[in-house]
Amino acid sequence: MERRHFLRRTTAAGAATLATGTLTATALNTGSATAAPRRSGPLRVDIVMFDGVEELDCVAPYEVFSASAMHSPQGVRVRFVTTGRPRLVRGAYGTGFEVKHRWAPGEADVIVVPGGGYTRRDGPGVWAEIGSGVLPRALAAAPRAGLTISSLCTGALLLAAAGLTKGRPCTTHHGAKAELEARGGVVKNARVVDDGDLVTAGGITSGLELGLWLVARELGADAATGVENMLEYEARGTVWTASSKS
């Protein structure tokens, strides 16, 4: 409940008016936005896809960011991207995702890296992606001013393979924390760890918290609480921020 009270305290007067829109298009909004950074265009979110990705890891943030478009006057653009050619990506449980967009970090404000396949060293998933090196190299080259790179669950190991978590506060699924720490991450016992341009979240369901936290940070508290109300879900756990005491 602490986080919800914090959001309410930081909310500007007035609530955003809901209006119709699509998942990837800017949603129309005639009400006032909450106190949030000013934008000249939509918040652009790319979710990285690869074979073996955990279904909930990618679907939960997609749902949260897409729904947030109804609470932002500038809208939100969410898409799945892949470092390879656009294709059908197969999830950990066999779900097929038609990924139509190529990796283009210069066109994103937020990149989300899901996890998956951590227990299968010889199958598709994070280990196969680390072994191939393509995605870690792409992530290593992505950082720039104005871009937030985030991960959830074992996606943090892909960031670690890219050198992005070394010496920085971060978190991952409880079963992979020792591995993340061994790769140089400063692991925090929190649901979400916000270190500015690097934001990581815990296990599988924490994609909801990751999305809601970034919506609050980028679009304002009214947008986050509006999405919570729509999903009938209240974010849980501790959010560690760079201003938190260690």
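Let's start with Ile47: leaving out residues up to four places away in sequence, Ile47 touches Cys58, Pro61, Tyr62, Val78, Arg79, Phe80, Val81, Val112 and Pro114. Here, contact means heavy atoms within 4.5 Å.

This is a predicted model, where local features need pLDDT of at least 70, side-chain atom pairs count only at pLDDT 80 or more, and totals for chains, interfaces and linings use all residues. Residues are numbered from 1 along each chain as its sequence is written, and side-chain values use heavy atoms, with hydrogens and water left out.

Ile47 also belongs to the largest nonpolar core, which has 64 residues; Val45, Ile47, Met49, Phe65 and Leu139 touch the most other members. Helix H7 (residues 207–219) gives this core its largest share, 8 residues. A nonpolar core is a set of buried Ala, Val, Leu, Ile, Met, Phe, Trp, Tyr and Cys residues joined through side-chain atoms within 4.5 Å. Buried means under 20% relative accessible area, exposed over 50%, and partly exposed in between (1.4 Å probe, protein chains only). Helices (H or I, at least four residues) and strands (E, at least two) are DSSP runs, numbered from the N terminus.

Thr171 counts as buried because its relative accessibility is 0%. Its side chain reaches the backbone oxygen of Lys188 at 3.3 Å.

Finally, helix H8 is largely enclosed by the rest of the structure, because 8 of its 11 residues are buried. Among them are Ala221, Thr225 and Glu228. Just after H8, Glu232 takes a positive phi of about 55°.

| Element | Residues |
|---|---|
| Helix H7 | residues 207–219 |
| Helix H8 | residues 221–231 |

Key: A polar contact is a pair of N or O atoms within 3.5 Å; within protein, one must be able to donate a hydrogen and the other to accept it, and residues adjacent in sequence count only if both atoms are side-chain atoms.
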